[in-house]
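Let me put the thing up on the screen, and then I'll talk through it.

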Amino acid sequence: MGSRFPSHQLSNGLYVSGRPEQPKERPPTMSSTAMPYTGGDIKKSGELGKMFDIPVDGSRSRKSGPINSAPSRTGSFGGATSHSGQIMPNSATRATSGSAGISSSVSVKKSNSGPLNKHGEPVKKSSGPQSGGTVSRQNSGPLPPVLPTTGLITSGPISSGPLNSLGAPRKASGPLDTSGSAKLHTASVVNNQAVTKLSQEDEYSFHRSFPKPVLWAMVLLFVMGFIAGGFILGAVHNPILLIVVVVLFSAVGAVFTWNHYWGRRGITGFITQYPDAELRTARDGQFVKVSGVVTCGNVPLESSFQKVPRCVYTSTSLYEYRGWDSKAANPKHRPFTWGLRSLERHVVDFYISDFQSGLRALVKTGYGARVTPYVDESIVVDINPSNKDMLPEFIRWLGERNLSSDDRVMRLKEGYIKEGSTVSIMGVVQRNDNVLMIVPPPEPLPTGCQWNKCILPASLEGIVLRCEDSSKIDVIPV
């Protein structure tokens with residue numbers, strides 16, 4: 001008699017109610033082999049090394065090491081399997097006898113495994129005569145140099161110059177070429193777009209700052225005055241007009257001579273007396289003067305002769321004294337005066353921390369900006385024919401710049417603004433989001449007449465940079 005409730009029998013013979021459970025499909029299991037630790041060496045990484053034609057380290061192969069007495073089946077598989085490492089003589093005999101029966105139509109696969117020599121190239125194995133068309137070939141051509149054990153794959157050559165037996169750059173001993181490094185440093189400074197190269201025309205000159213129309217008008221008036229005074233003196237024998245013209249001409253000449261020699265000091269006095277502004281309250285586009293401590297930007301400079309590091313402004317000037325029969329330093333060099341022969345002057349962007357508010361602003365003096373420097377220079381070297389051989393550093397400095405060092409009276413001056421120096425700058429405030437900058441003004445700044453000092457008006461172009469002799473002032477550590 002059947003039951004209304006389904007039942008089934010278990011594997012142990014016990015009957016239970018309910019339907020038997022349907023067997024569940026087991027998900028496919030994936031097995032993976034644990035990869036060995038490579039330590040960053042790409043030769044131990046298996047397939048990754050083969051992708052870049054780099055020989056795989058034989059120490060990690062499952063069939064590495066000498067084979068003592070195991071039978072070789074190379075012949076039965078047509079040479080498809082390759083054993084890395086050295087093979088013992090008994091195994092080599094069996095492999096040779098097994099491969100002798102292979103027909104000439106069977107091809108042998110290439111093998112990259114095996115011992116390497118000290119240059120990273122596979123050792124060419126010399127074997128006896130082989131059968132028919134059986135050809136055993138190794139890698140064709142030299143292998144690439146061994147990569148350093150960093151695990152990184154980079155583009156381009158690993159190193160420049162010769163390599164040693166381990167593939168690392170070979171160290172060369174001996175004295176370093178200081179002149180070559182100095183020339184490379186000078187070339188890098190000149191070719192860097194972030195460095196502004198200043199010339200002699202960027203510094204103050206009374207002849208360039210004085211208005212040319214006013215100068216030519218005064219010359220025309222004096223010429224007419226001399227002609228009229230001479231005509232009156234010859235016609236009526238009255239020298240009054242000529243005397244007045246001569247007195248006025250002498251006075252104007254004295255004022256021009258005074259401004260030629262003392263005009264720079266008058267300009268520095270004007271910069272010193274100009275009131276300092278506070279960057280916190282300065283408006284966008286306002287012309288200000290800021291005094292503070294200098295901090296280097298992204299591209300610090302180094303002075304040319306004294307090698308002072310971390311500078312934002314450097315200037316090295318070489319002067320020569322011209323005697324009666326000596327050579328001229330430049331086409332405008334007059335006798336019995338000092339003439340400029342060489343000038344190296346550079347400036348880059350830097351930061352200044354305001355004394356008034358403590359804010360820091362970026363001064364845009366690099367990338368070809370217009371800058372008028374008023375930085376004091378100090379005499380570093382005085383050279384004459386008697387002490388020229390006592391200063392080999394100066395002779396080497398001349399040789400690096402292809403300047404002759406014959407019997408001349410020379411003087412080297414150098415000025416710089418290094419990190420931590422106190423400077424005063426004049427420029428226009430520019431606010432760009434949260435960046436506070438000082439940029440060159442669009443128009444020159446007139447100084448006006450300084451009647452108490454007999455200084456005629458001049459104009460200041462670009463960012464004005466003022467600093468006293470840094471070699472005599474203690475810098476503030478930053």
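**The sheet, a helix pair, and where to be careful**

So, start with the sheet: five strands, open, antiparallel pairing, and the order across is 3-6-5-11-10. The edges are strand 3, at 196-197, and strand 10, and each of those pairs on one side only. Keep in mind that this is a predicted model.

Let's walk across it. Strand 5 is residues 311-321, and on one side its partner is strand 6, residues 338-347, antiparallel over nine bridges.

How many bridges join strand 10 to strand 11? Five, with strand 10 covering residues 378-383 and the two running antiparallel. Here you can look for isoleucine 379, standing opposite lysine 413 in strand 11.

Okay, helices. The pair I'd like to show is helix 5, residues 212-236, and helix 6, residues 240-273. Their axes are 8 Å apart, and they pack at an angle of about 155°. Anything over 145 degrees counts as roughly antiparallel, so that's what helix 5 and helix 6 are to each other. As for handedness, helix 5 passes helix 6 in a left-handed crossing.

What meets what in there? From helix 5 you've got, among others, Leu215, Met218, Phe222, Gly225 and Phe226, and the residues they meet in helix 6 include Leu241, Leu242, Val245, Phe249 and Phe256. By class, the contact of helix 5 with helix 6 comes to 15 nonpolar residues, three polar and no charged ones.

Now the caveats. The protein averages a pLDDT of 74, and 62% of the residues score at least 70. Where does pLDDT stay under 50? One stretch is residues 59-113, where the model has 63 contacts beyond four places in sequence. Another is residues 169-180, with 10 contacts of that kind.

Technical notes
Residues are numbered from 1 along each chain as its sequence is written. This is a predicted model: local features need pLDDT of at least 70, side-chain atom pairs count only at pLDDT 80 or more; totals for chains, interfaces and linings use all residues. Side-chain values use heavy atoms; hydrogens and water are left out. pLDDT is the predictor's confidence in each residue, from 0 to 100. Contact means heavy atoms within 4.5 Å. Axes are lines fitted to C-alpha atoms, for helices over the stretch in contact, and angles run from 0 to 180 degrees between N-to-C directions. Helices (H or I, at least four residues) and strands (E, at least two) are DSSP runs, numbered from the N terminus. Angles under 35 degrees count as roughly parallel, over 145 as roughly antiparallel, 65 to 115 as roughly perpendicular and the rest as oblique. A crossing is left-handed if the near helix is turned anticlockwise from the far one by less than a right angle, and right-handed if clockwise. Ala, Val, Leu, Ile, Met, Phe, Trp, Tyr, Cys and Pro count as nonpolar, Asp, Glu, Lys and Arg as charged, and the others, Gly among them, as polar. Two strands pair if DSSP finds at least two bridges between them.
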